[in-house]
Amino acid sequence: MELRNGMAKATDLGARQIVSAYVQTSKALLARKLSRHIWTILLLLVLGGEAGVGLFVIRDLARSYTTVEKMYNGSVQGLLRFGDLEFEAQETRRSTLYALTTNDGNLQVDYADQSRKADRGVTQGIIQYLAQAHSRRESELGQRLQSDWGAYLKVRDDVLGLILEGSPKEAVHLDLSVGVPAFDRVRQDLEEIKETYSEQASQQLAAVAEFSRRSMTRLTASLLFGLLFGSVAIWAIQKSRMRSAVQLANLQMDFVASVSHELRTPITAILTAGENIRDGLVLGSESLFEHGSVITDQAGRLSELVDQVLLFAATSTARPSHLLRELRVDEVVADAIRSTKGLLEKAGATMDVKIEPGLPPIVGDLSVLSQCLENLIANAVKYSAGNRWVGIAARLNQAAQEIEISVQDRGIGIPASDLAHIFEPFYRSPQAVAAHIPGTGLGLSIAKRSVEALGGGLSVSTQIGVGSVFTVRLPFANEASQGIRRRRVPELERQP
Amino acid sequence: MRAKARILNFVAVAMMLGLMQNQTAQAAPPSSQTRSKPSQSLAIVVNRSNPIDNLSYRELRKIFLGERNHWPNGHRIAVAMLDYGQPERETVLRLIYRLDESGYQDRLLRGMFLGDVFVAPKTLASPLILRKFVFNAPGAIGYLRASDVDDSVKVIRIDGMLPDNKDYRLQIDERSAE
């Protein structure tokens with residue numbers, strides 16, 4: 001008897017170690033995720049900074065482009081315009097001089113006409129320049145040019161008149177004495193204006209060069225910054241992953257060690273009992289029965305522990321595979337009762353089953369639902385204290401469009417402090433442990449996960465000293481299939 | 001010796017006039033596009049800077065005949081004639097010079113040879129060119145159909161009458177040109 005109690009205690013201690021390993025593993029996983037996210041956020045921040053610097057660079061480039069455009073419109077086009085103006089001025093004078101070279105009145109009139117056409121272009125150009133003049137110097141230059149050009153045109157008109165009137169000598173004399181100096185003044189004015197444009201272009205070019213230099217500096221700094229921080233972030237992420245992987249491996253080792261220890265305890269008991277029988281140390285039928293009981297009990301516990309761990313592992317996976325089909329409620333309940341018949345008989349418990357007639361079918365996996373109800377029935381038997389009674393009821397909740405299957409006991413009840421934890425894996429109530437009620441703490445957790453995976457839920461109502469009612473809620477076949485489709489489409493689609 | 005020089009001068013003037021005649025003959029005839037609707041009146045036009053507004057018919061003849069060389073403002077008078085065969089020219093020869101074409105040529109040659117005419121009248125290819133000539137030369141005087149006149153030149157009164165006056169003397173006879 002002492003041996004059996006010792007074995008039970010050892011089993012409980014092993015389960016605690018497994019809980020501890022599980023919690024540490026979860027924490028490690030959480031820390032790893034958090035660490036990875038922190039560095040990812042940092043990397044995103046760095047990229048954001050890069051984008052900000054990039055915007056500055058783009059702004060500078062846009063400003064450079066605007067300046068270049070302004071320079072082109074202002075200075076370069078101004079230079080081109082004044083190049084044309086200079087040509088027109090030369091044309092004005094050239095046509096006048098051509099008129100001197102012929103006696104043909106028709107040609108002279110043509111040349112005079114050309115000269116006037118050219119001078120109109122120059123006059124318009126000067127007016128435009130004055131209208132667009134920004135600085136005082138530009139205005140002064142423009143006004144001076146306008147004045148000098150007017151003076152030259154007056155001389156030109158006189159020269160043309162003399163040519164047409166048949167006085168070429170006087171025309172030449174007038175042109176040399178007055179026309180040439182007047183035209184030189186015009187040419188000088190044009191040169192000064194061109195120089196002004198050149199100066200402006202040089203200044204704007206210097207500004208563009210400055211913008212470009214600054215943009216390049218920012219771009220280079222931005223790239224270096226990004227490279228540096230990107231490298232640091234990647235290094236940190238890799239380091240974090242490595243550390244997490246090492247930590248996880250260590251925790252897995254601890255978990256395996258804990259499970260191994262938990263397995264070793266009943267194995268040791270079985271070995272010891274077996275060796276005693278083999279070595280002839282067990283004398284008498286009573287002692288032999290006791291050792292045989294130890295062996296069968298510990299083997300049963302071992303089997304139960306392995307089954308629970310495997311089942312828990314199966315329900316813990318992200319995508320548990322279920323064989324879904326439409327099920328009748330009485331079929332599910334009957335399957336669970338059949339599986340727990342031996343347990344009930346062994347415990348001497350009675351069972352009342354009350355299933356409402358005409359319940360709609362549900363969708364689920366028969367083995368999973370049956371296992372869920374088996375766990376609840378086994379708990380009801382274990383915690384029913386002296387009153388070995390288990391009640392199973394199935395009814396329709398029309399308002400919630402659900403089928404409710406409840407497993408009731410008239411046992412010790414669950415303290416309020418334990419209610420928040422009873423569905424956590426490996427959790428066992430201190431009272432249960434103190435009362436040496438055997439268990440792994442995985443049954444309720446497995447039941448809850450299984451039902452939730454099928455689109456349902458598991459709830460409990462309890463009262464100390466009166467008993468507890470665990471209720472499985474499952475949607476109707478239509479609702480169930482839709483709900484499962486909404487939540488677990490891959491599993492449904494995998495089914496043939 | 002002096003007679004020989006005069007003969008050479010006469011030959012040179014004759015050659016120059018012949019050259020001018022060739023040049024103007026080669027010039028394109030006035031296009032119908034440059035001629036607006038014909039008018040019977042012939043306007044005498046001068047440069048807009050010319051202060052003269054009115055001339056007597058006698059003064060007009062003197063100017064065209066080269067007997068008067070300067071305007072009151074000092075500018076040399078430059079007479080502009082349209083090319084051969086145009087009705088306006090025929091009208092001027094008939095009404096102002098009172099000569100036919102050959103008589104005009106003879107008189108011009110003689111006047112230049114003798115030194116009475118300092119500058120021969122400019123012979124221009126079309127009324128458009130003539131108008132531009134008058135516009136450009138302050139001392140120019142020429143003639144145009146009244147319909148060819150624009151603001152670039154000034155029409156002067158002859159004996160106090162403008163071309164639109166019914167008693168205006170210078171009327172173009174289109175048949176003479178034909």
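**Figure 1. A salt bridge between the chains.** The side chains of A:Asp113 and B:Lys132 form a salt bridge, with N and O 2.4 Å apart; the term stands for a side-chain nitrogen of Lys or Arg within 4 Å of a carboxyl oxygen of Asp or Glu. Between chain A and chain B the count is 1 salt bridge. The model is predicted: local features need pLDDT of at least 70, side-chain atom pairs count only at pLDDT 80 or more, and totals for chains, interfaces and linings use all residues. Residues are numbered from 1 along each chain as its sequence is written, chains are lettered from A and ligands numbered from 1 in the order in which they are written, and side-chain values use heavy atoms, with hydrogens and water left out.

**Figure 2. The interface of chain A and chain B.** Chain A gives 18 residues to the contact, and chain B gives 18 residues; contact means heavy atoms within 4.5 Å. About 1,400 Å² is buried between the two chains, 51% of it on carbon and sulfur atoms. Buried area is the accessible area (1.4 Å probe) that two parts lose on being put together, summed over both. On the side of chain A, the residues that lose the most area to chain B are A:Asn106, A:Leu164 and A:Glu165, together 43% of what that side buries.

**Figure 3. Polar contacts and helices at the interface.** Across the interface of chain A and chain B, 7 residue pairs are in polar contact, both residues at pLDDT 80 or more. A polar contact is a pair of N or O atoms within 3.5 Å; within protein, one must be able to donate a hydrogen and the other to accept it, and residues adjacent in sequence count only if both atoms are side-chain atoms. Helix 2 (105-132) and helix 3 (136-164) of chain A each supply at least two residues of the side that touches chain B. Helices (H or I, at least four residues) and strands (E, at least two) are DSSP runs, numbered from the N terminus. Helix 2 of chain A gives the largest share of that side, 7 residues.

**Figure 4. A buried arginine in chain B.** B:Arg145 is part of strand 5 (residues 140-145) of chain B. Is this residue's side chain buried or exposed? B:Arg145 counts as buried because its relative accessibility is 4%; buried means under 20% relative accessible area, exposed over 50%, and partly exposed in between (1.4 Å probe, protein chains only). Its side chain makes a polar contact with the side chain of B:Glu88, at 3.3 Å. In chain B as a whole, buried residues make up 46% of the 178 residues.

**Figure 5. Two loop residues with positive phi in chain B.** B:Arg98 sits in the loop between helix 3 (87-97) and helix 4 (101-114) of chain B, and its phi is near 60 degrees. B:Asp159 sits in the loop between strand 7 (157-158) and helix 6 (174-177) of chain B, and its phi is near 55 degrees. Most residues other than glycine have a negative phi. B:Asp159 is partly exposed, with a relative accessible area of 37%.

**Figure 6. A helix residue in chain A.** A:Val306 belongs to helix 5 (residues 285-316) of chain A. With a relative accessible area of 34%, A:Val306 is partly exposed. A:Val306 and A:Leu263 are 43 residues apart in sequence, and their C-alpha atoms are 8.3 Å apart in space.
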